[in-house]
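Subject: Salt bridges in the model

Hello,

Here is the structure for your files. My notes on its salt bridges follow below.

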Amino acid sequence: MNALVHFRYVSKRFGADFAVRDVNLEIERGKMTALIGPSGCGKSTILRLIVGLLTADTGEIQFDGEKIAAETIMKIRRRLGYVIQDGGLFPHLTARHNLTLQPRLFRKRCDEIEKRITELCELTKFPSSGLDRYPLELSGGQRQRVGLMRALMLSPELLLLDEPFAALDPLVRMNLQRDLKEICTRLQQTVLLVTHDLAEAAFLGDEIALMNEGQIVQRGLIADLRAKPANEFVREFISAQRGLVQL
Amino acid sequence: MNAPQQSRSGGLSPSRRLLRARGQTAVYLRRRLGSRRSLLAVASVFLSVTLVSADPVFIGSKKFTESYVLAEIAKRALENAGIKVEHRPGMGGTIILWEALRGGGIDVYPEYTGTIAEEMLKQPGASIAQIRNALSAQGIAMTDDLGFNNTYALVMRRDQSEQLGLTTISDLRAHRELKFGLTHEFLERRDGWRPLSERYQLAPSQVLGVDHALGYAALAKGEIDVKDAYSTDAKIGDYGLVTLIDDLHFFPQYKAVFLYRKTLSSQAAHALNDLSNSIDEGRMIRLNSEAERTKNYAAAAQQFFGTTDGAIATPFVSESFRNKLLRWVTRHLELAGISLLLAIIVGLPLGIVASRGGAVGHAILGATGIIQTIPSLALLALLVPLPFFGISARTAIVALFLYGLLPIVRNTATGLQDISRPLRESAIALGLTAGQRLRKIFLPLASRSILAGIKTSAVINIGTATLAALIGAGGLGEPIISGLNLNDHVTILEGAIPAALLALFVQFGFDLLDRVLIPRGLRL
């Protein structure tokens, strides 16, 4: 099996409503899978199930052959990197301390940590002079770069990105998207990206999974979705977004 | 200061406490070990008994002039008999004194037969013999009366009573427009305002609750027209007031007596009983007047002995203001500081638990909220009868600690709850354990709110610590209560101004502390 994560008939309900319903999904190693769909379609829930912020009601999720459960989740989390909108940086810590927090608690050596920070600054094009600033002293794009660095500190096997660029202005977003693609290609990073922006998904994703009402409606390349939409929803979703791009 | 000397320690002296405990241990050992070890037990009982007898006799008094003066007279009488005595002046009220006497926090205090029957034994109209029996069952003895009846009375300004032609309480019925200013105790007593107004069918348009000493000033100024008084109050003469005749004989007899624990040595009991029938009403009014004029209760007590025995009164050496202030402030900070520290130690974890919500969280916030609504005097009255509390600094500290909890618990809980979900989840996703998340992320993020809670608690505690003086625990409340009692503004200010400055200083200190304890990233 080449897939790093397996979802098998996973359902999660909030009250009477299904957030995800009988989802089967594989996230393949070394690829970026873009999970896309309208608001409330359940794409963020998929991501939160992997991190263990939620637990599935039924079905099973495996990470590298291991079932995600209360006993395993702490170990699995160390093998994940998680980036959210605006970076999720802790405002009371400088950029550097945001980066060193996790490796220090996991008892990494100081010189190793420093070496890793230098590497990542270069990789993410973050000026090392900004390392001793607090999050509120950084721009939105810089915060997002630090957020990405923090997620990559321990070389995670899976990078989870939850609408990472949604709050940024278009120019900054474009630069970041380009840099992210370059980084992930270089690292051969397995990525699960959640976005509602088809252009972003098309640009970054090796593969796209389109979700609606808690289920995966269609998977494939953007060209497949465009050429052979699985149903009326897919056609509408794609044409609506394409319409915006053409403006 | 004009108040009598205060004991340095607020509560039972440590040796006394220790010895009590040792006595209990001995009893326990005897039960536990049986006859084989009884020798050891007997020895330890013997040891503790002999040492306990060296402890001073503790005399309590209520916070009004006559009680202070009588306590000082008892003190002097016991000292003349060669007994070591400490006076704990100006405690909160009947219930606090009574519970302290029963619990052993004090050994003697002056009381009135009417109060004993009505308030303490709940046997209105009981005879002296009945009172003695009932007290005896609780381990308390009573002297014969001291020679005067200090009953309740209603008083008015002389000019107004003459103008309206009022001489009896019944005459008040026709004058509903008169403003009544009554003490809170009188308003609530079983032999107080409610039954009195029923008996005389009084329905005045306005009845206010006013502190006793302040009430006299209000009466003199014409802000109120009728007030409750004790028939031996010095102020009746000082302010030119008249006592309205109790024509329906409503008020019971309030003969002054000393109550004392039956464990008191026979020598001490003798000395107290020798005081019976030695003070008539005229004499008591003069002693009260003397005490209020000189603002020195001990001196008034000395005058009593000076005129009866012809003994030369030793000059009263008054403590310098600087020393007194230092003593009050030190004690005040001690009370507020220790209670604040306890409130932080207990409040922070409670706040953390409460931040998680659920039934437990709501119960914690509810309970701390309810404590806050209990009036301070009531909280003291609830604590004093409990074992380990009594009349002591300990009780004051626990009361202050309870009052200090709510701001800390609430602000800790809110501060933690206000942390945004993305930050919360980022911390979880980083793989930090619950403890690491709390220490490294959540508490620092909530630090501003938590510190604000601690600051509020500190300022509240500085203010509320003045109540400690009600149970003889000292602090800046001492001059405030004395001043209220004597209607002496200067004395009130001697306590009130330092207390206010202290609160400002503490506020300022915490503002500085914010800069150190709140992470810089949150202050941008």
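In this predicted model, Glu99(B) and Arg102(B) form a salt bridge, with their closest N and O atoms 3.1 Å apart. The term means a side-chain nitrogen of Lys or Arg within 4 Å of a carboxyl oxygen of Asp or Glu. Both residues sit in helix H4 (residues 94-103) of chain B, three residues apart, about one turn of the helix. Helices are DSSP runs (H or I, at least four residues), numbered from the N terminus. Glu99(B) is buried at 14% relative accessible area. Arg102(B) is partly exposed at 34%. Buried is under 20%, exposed over 50%, partly exposed in between (1.4 Å probe, protein chains only).

Now chain A. Asp179(A) and Arg145(A) pair at 2.9 Å, N to O. Asp179(A) is in helix H6 (residues 170-187) and Arg145(A) in helix H5 (residues 140-152), so the bridge ties together parts 34 residues apart in sequence. Asp179(A) is buried, at 6%. Arg145(A) is buried too, at 13%.

Arg109(A) and Glu112(A) also form a salt bridge, at 3.9 Å, N to O. Here Glu112(A) is partly exposed, at 42%.

There is a network as well: salt bridges link Arg29(A), Asp64(A), Arg79(A) and Glu157(A). Over all chains, the count is 30 salt bridges.

On conventions: residues are numbered from 1 along each chain as its sequence is written, and chains are lettered from A and ligands numbered from 1 in the order written. Local features need pLDDT of at least 70, side-chain atom pairs count only at pLDDT 80 or more, totals for chains, interfaces and linings use all residues, and side-chain values use heavy atoms, leaving out hydrogens and water.

Best wishes

How values were computed
Helices (H or I, at least four residues) and strands (E, at least two) are DSSP runs, numbered from the N terminus.
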